[in-house]
Amino acid sequence: MSTAPRPLPGWVEIGLMPLVNVALAFLLVGLIVELIGADPLQALKLLVLGAVGSSESIGYTLYYATNFIFTGLAVAVAFHAGLFNIGGEGQAYIGGLGCGLAVLALDRYLPGLLTIPLAILASAAFGAAWAAIPAWMQAWRGSHIVITTIMFNFVASALMVYMMVNVLIAPGSMTPQSRGFEASAAVPSMQAALQWFGIAVARSPLNLSLLLALLSSAGVWIFLWHTPWGYGLRTMGHNPEAALYAGTNLKRMTMLAMCLSGALAGGVAVNELLGVHHRLVLDFAAGYGFTGIAVALMGRGHPLGIVLAALLFGALQQGGAELAFEVPAITREMVVVIQGLVILFSGALVHLPRPWLQALFARKG
Amino acid sequence: QTAPIKPAVVFSTGGKFDKSFNEGVWQGAERFKKETNIAVAEFEPSNETQFEQALRRFAQRGQDPIIAVGFAQAVALEKVAKEFPNIHFTLIDSVVNLPNVQSVVFKEQEGSFLVGMLAAMASKTGKIGFVGGMDIPLVRRFQCGFEQGIKYANPNAELITNMTGTTPAAWNDPGRGAELAKGQFDRGVDVVYAAAGSTGLGILQAAKDRGKLGIGVDSNQNHLHPGNMLTSMLKRVDLAAYDSFKAAQANQWKGGVQVLGLKEAGVDWALDKDNEKLITPEMKAKVDAAKAAIISGQIVVHDYMSNNSCKS
Amino acid sequence: MEEVFTLVVATLAATLRVATPLVLCAMGGLFSEKSGIIDVGLEGKMLMAAFFAAATAAVTDSAWMGVGAAIIAAEALALLHGFACITHRGNQVVSGIALNILAMGLTVVLGTAWFARGGQTPPLSAGERLNPIFFPVAGDNVIVYAALLSVPVTWWLIERTRFGLRLRAVGEMPLAVDAAGISVPWLRYRAVLLCGLFAGLAGAYLSIAQNAGFSRDMTAGQGFIALAAIIFGRWRPFPAFGACLAFGLLDAIAIRLQGVKLPGIGEVPVQLIQAMPYLLTLFLLAGFIGRTVAPKAAGVPYEKEH
Amino acid sequence: MTSDAAIELRGIDKSFGSVQAVRGVSLRIERGSITGIVGENGAGKSTLMSILYGLYRADAGEIRVEGRPVEMTSPRDAIGRGIGMVHQHFMLVDSFTVLENLILGAEGGPLLAGGLAAARAELARLAQDYGLAVDPDARVSDLSVGEQQRVEILKVLFRGARILILDEPSAVLTPQETNRLLQILRVLRDRGVTVVLITHKLREILSVTDRVIVMRRGEVVAERATSKTSAEELAELMVGRKVRFSFDKAPARTGEPRLVARGLSLVDDRLVRVLDDISFEVRAGEIVGIAGVSGNGQSELLQVLAGIRRPTGGALEVCGRKVDAAHPADPAEMRELGVAHVPEDRLRQGLVPAFLASETSILGYQDREPFCHNYLLDGPAVGKYCAELMDRFDVRPRTPGLLSSSFSGGNQQKLILAREMARHPRLLLVGQPTRGVDIGAIEFIRRELIASRDAGCAVLVVSVELEEILSLADRILVMSGGRIVGEVAAADADERTLGLMMTGARAA
Ligand SMILES: Nc1ncnc2c1ncn2[C@@H]1O[C@H](COP(=O)(O)OP(=O)(O)OP(=O)(O)O)[C@@H](O)[C@H]1O
Ligand SMILES: Nc1ncnc2c1ncn2[C@@H]1O[C@H](COP(=O)(O)OP(=O)(O)OP(=O)(O)O)[C@@H](O)[C@H]1O
Ligand SMILES: [Mg+2]
Ligand SMILES: [Mg+2]
């Protein structure tokens, strides 16, 4: 009873514990799979193979992970500033509007080398602008940012449907989607890119946006921990009074943090629209914004952690789809259950195995 | 002797139990399964990128024919169909012009026209409601045909239109559907047409609770509330799916575009024991006459999607 | 004139119908938040409750069994939330999101397994539902009255009882509560369980009172609106109730505005009208509500030293 | 014999991770006495008392209360044994009224109405008996710190405690409030209450306690009857070396004015005029002290001078730059001008508990050389700089990689001072330089402040400790009601005259 809690070794804390958490989640998933009459071991095998078993499935896993990296980073940057940005979904969506408008306006006149960077900038700018309004409301009017960002998700959705149905719909199209982008405005797929180097992989939606996501991760890491602004941002997140004392303008910093967050969320649009759909479509944000919250927290707000967590969630998404494909008893909702459990165990119940691990390492140490 | 076929279905993101066209396809597939004892592989994607993935996976495994449900799959299907020219694809609700693709589209406006006439004739208040899911062109096609039918039967009748929401959740929100319907009833509506997927269940339930009349959509929903269901606008996706499989089994599968309207029995209105008391012989006669006129081309029902407007 | 009157009455009745699940969720969420446990999982609790209410009512032919099952289901999720956030000091928002996702999947998985209708429960007959008591047109079933009653009861519990005093204290400064010799976890568990109770009722309302059966994702974001109402009401029962009514009213009006040509403006796009409740909320938040003060310890796990 | 002991501790051990905060402590506290506990920052005083109150659990050892061994698992056990504690950081719910705070945990029934009425009556009785008057319906957040403390004591008495533990109760009190407190403690003792008092102020120990226990590095190193010891002896026992209490301060050699305030005023959000027509100047090479009862505008004055708040009227001239409502300067700009600021509330303003010590050591200077070049922070340079600061200012432990929150209060204070003084500011603003800091550190800090003055820095010190002001300042300004009500040269001032100016002005 009176044993002092020994801090766990670093590698256990950062490396082993998340694995134990995921394992616990899968244990429970296995139980449910057993209950609905499928073979848990077989399911696990299919899930893993489905996620990383072939170059195609790896491509899909990485493609999903790209989205999760963007939204995870978005949530993390705001979180470090003490702001809970629940609006990644809407920011990604409006980022897509910016992306689409830019490409539709430019792709027939400019070469891809110009259109693509401009479209990426437009995604970021629109995402940032959509985040800037709640940020402004928080900074100047004191409106609760959790609520305003949730509201902005709904408003973004309404705005997009209006734009798609009434303005941007391609003439003669039956469905609310814009005309296709010119081929020059497409972010090259990874398959094509690797082909340049003579490497052949199966086709998948994976495209060079992944590199943008990784670059963004590195950028966020440098920004947060290696620049004075990042320092000021984190100071504000931990202790606004100290930030004020240190000369940080809290209002401006709130704007900066949220705009950065929104711009990162806009990355989803780059991956989805420029990389995959090559046109503006509805609902491409498909919940990535929300899962981003779990990704950010599971990755402990650190870009490296976020990339790893994003890979896990990408693998779950892809492996889960394959699983549902292969096993008739396992439906896509079962995959949703699996995701919920993984988020629960590796996000909210992270401390669950701590006492056991502590006991284990206390005995050893 | 025909070779055993390996059919497959890729549903749209609404899922196979959407009380709408996915479910229709599923019913067609079930019927085929039961009759032939041939297994039908199926997949419910949870996002749009999985369309292409699923279609390709089925094609790689030699599943043939493959039915893709929903307009949203057109882009993905076009890509995959080019890669697998020997596999037969059937696309429902949209058109892809490839030799190995059979595109099935429906003239929902014609069916909606007929149920619009019935609504106008059954309404005592002259106010009729329409509740759609999301405000997208397809839903407006239903609404536009419905409106033309109403005006045809009663030029003075008034149509009140509501859409449920702006996210895909709008197809799955019976509570809001019920509220929308009640809002229309409060304004005097006594017949409501539900073209909103699962949201429709709430709409029809509200009609039942308030003693009003509801009109179902896609499949025959008359059995839901006998006595309170005026009729249902049938969109025979089940037949489309079933026929496609049967044709493949008989080695008679053909590519090309099939436009299924009243003439092809692709759309229709439902009359069965659950609503026969509500349809007077006079109503039936008028609707049958209009149906014949449409089939013969005497009446042309304007298609919203032809010019993205309800005016021709 | 009479038409206008009926329209007003009908709009008010609609307001109440729409607001009922919001009010119940808001009151439940209030208990949780007052105790310092943020509950983003109202949505999931409500969904789970809605499913079990309809499933049980369909199987047992009893609406009341359905209500009981709804409460038990919501409490199970509430306990899980408590286990994660109170016992294991996990992140409250993540736990809430996880439970939402879990509920979204599990209701359909179970529903498909039990009823084979793609996650829907069989439609309920009148006997299996909670029916209107006095005014069939208004839809005033027992849960509507329960929701109305829940507001003064919540206020009374929070403001006038020992439990309420401790609850408010633990949300502001758990250390003070601990130092006063009161168990912080037990207090918070009770708050979370109360939240489950209310969310359970809200879920039952959705599937066996307002509707006649469960369909997937039928909560459609109402849990989040309730959360907004709590913040809007600055964590006080009556103002939060007011906010719920305002949301209901906005919705009721928005429904009636669709497709209407407004003088001078013409027909307003449907999407704008649908976004109106959110826009108005934002407008009010920015313009009139000003700074919001959450319970100080909300969201912060209480870490007691050994 | 044992029956006379209110508390007996035997062999108490307690570690936090690798830090052994308390080791093998055994002690005895007599019933109906006042026992003082003194020791350096981090000596383990608070930890020991938290163990006694059931907030922490000891790793080993035995606790006996009034002769009986007890297992302290939670404060409930302690309260049940008649132990009450007033914590270093108040355990009050800010948004509650005094009455609500009082009855929390002792409501006397499931409904509040009865309990509140009974508590109101009991409060009136306690106020009479002990002279502890507080408005029962006031919100705690509206009370002064002294009043809040009174509420804490009332809470303990309300629960019928026979043993009262106070952890640094006077750290945030004014001298007047402190005297009131000591008076109250005497009354309590005379009524049979056992009091344990933790403090860094030897004056209080000598004036009120019966016995003193000295702790160092987690151990009890000495125990004395108060009448048989002296401040010098206690100080030496605590720190392990001789401590000098008075400084040989050379007379100030003043230079040009570095800070000039002209008719400065500030109206806050609630439209209260917290600063009113303040004019003064501080020159290079002198220390100006601002004395006053806390809450009379000193905090706001410091914030205005540091650029955290902008004045609503009047003007400042800071190192040649004019600052007023129309031309405000933010804290970053002030630093640019050579202003350094040691804030009054170190935990809330001066540092970020979740940052590493090295990160805290550049707070406010993060965009300067040598920490930042080409817009990038240089981590190794920051670490090296922090290690240097820690060396020079004797911050313990000397580990730049440790979280700021893991340092004791005194060491946090030293780190902040080091940060602000190390860059040779032209103007140094210091609020409560030695609040909650142990004697050894106090000596060190005061010496450093004087050294900076001698190096030509203009220093402004705000402190509620008259003794501190007297020993540091060359000139003293007295503040009351947001105004400066008097100025004296340090040589002509003593505690009595200053005290009179502070309170006399208040009465006027
Ligand atoms: N919509 C409302 N309808 C009726 N009474 C209301 C309403 N809104 C507020 N009130 C009044 O507010 C009181 C309850 O509000 P609440 O408990 O949230 O605040 P309060 O008690 O005034 O605030 P506090 O005690 O924190 O100063 C009731 O006494 C009630 O009379
Ligand atoms: N919660 C904690 N976690 C880790 N270390 C702690 C904790 N609390 C105290 N310590 C460490 O234990 C030691 C004793 O701390 P304690 O607070 O008891 O000192 P103290 O004598 O009260 O000092 P002060 O005079 O500054 O209040 C210090 O080294 C401190 O850093
Ligand atoms: Mg499956
Ligand atoms: Mg201490």
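**Close-up views of two ligand sites and one chain contact**

**View 1. Helices 5 and 10 of chain C at ligand 1.** Two helices of chain C, helix 5 (142–160) and helix 10 (237–257), each supply at least two residues of the shell around ligand 1. The structure shown is a predicted model. Helix 10 of chain C gives the largest share of this shell, three residues. The residues around ligand 1 are Trp155(C), Glu159(C), Arg236(C), Pro237(C), Phe238(C), Pro239(C) and Arg139(D). Because residues from chains C and D surround ligand 1, the site is shared between chains. By class, the shell around ligand 1 holds four nonpolar, no polar and three charged residues.

View 2. In the side chain of Trp155(C), an N or O atom is 2.7 Å from an oxygen atom of ligand 1. For Arg236(C), a side-chain N or O atom is 3.3 Å from an oxygen atom of ligand 1. On its own, ligand 1 has 630 Å² of accessible area, and the protein covers 46% of that area.

**View 3. The shell around ligand 2.** Ligand 2 lies between chains C and D. It is surrounded by 18 residues, the closest being Asn41(D), Gly42(D), Lys45(D), Ser46(D) and Thr47(D). In chain D, strand 2 (19–30) and helix 1 (45–52) each supply at least two residues of the shell around ligand 2. The largest share, three residues, comes from helix 1 of chain D. Sorted by class, the shell around ligand 2 consists of five nonpolar, nine polar and four charged residues.

**View 4. Polar atoms and cover at ligand 2.** A side-chain N or O atom of His200(D) is 2.9 Å from an oxygen atom of ligand 2. The backbone also takes part in this view: a backbone N or O atom of Ala43(D) lies 3.1 Å from an oxygen atom of ligand 2. At Ser406(D), a polar backbone atom is 3.4 Å from an oxygen atom of ligand 2. Of the 640 Å² of accessible area that ligand 2 has on its own, the protein covers 76%.

**View 5. The contact between chain C and chain A.** Chain C brings 41 residues to the contact, and chain A brings 39 residues. The size of an interface is often given as the accessible area lost when the parts come together. Between chain C and chain A, the buried area is about 3600 Å². Carbon and sulfur atoms give 79% of this buried area.

**View 6. The salt bridge and the chain C side of the contact.** One salt bridge is counted between chain C and chain A. Its partners are Arg216(C) and Glu333(A), whose closest N and O atoms are 2.6 Å apart. On the side of chain C that touches chain A, at least two residues each come from helix 3 (63–87), helix 4 (92–115), helix 9 (222–232) and helix 11 (270–289) of chain C. Helix 4 of chain C provides the largest share of that side, 13 residues. The residues on the side of chain C that touches chain A comprise 27 nonpolar, eleven polar and three charged.

How values were computed:
Residues numbered from 1 in each chain as written. Chains lettered and ligands numbered in written order. Predicted model: local features only at pLDDT ≥ 70, side-chain atom pairs only at ≥ 80, totals over all residues. Heavy atoms only, no water. Contact = heavy atoms within 4.5 Å. Buried area = accessible area lost by both parts, 1.4 Å probe. Salt bridge = Lys/Arg side-chain N within 4 Å of Asp/Glu carboxyl O. Helix = DSSP H or I, 4+ residues; strand = E, 2+ residues; numbered from the N terminus. Nonpolar A, V, L, I, M, F, W, Y, C, P; charged D, E, K, R; others polar. Near = heavy atom within 4 Å. Polar contact = N/O pair within 3.5 Å; in protein donor to acceptor, adjacent residues only side chain to side chain. Areas by Shrake-Rupley, 256 points an atom, 1.4 Å probe, with all protein chains shown as cover.
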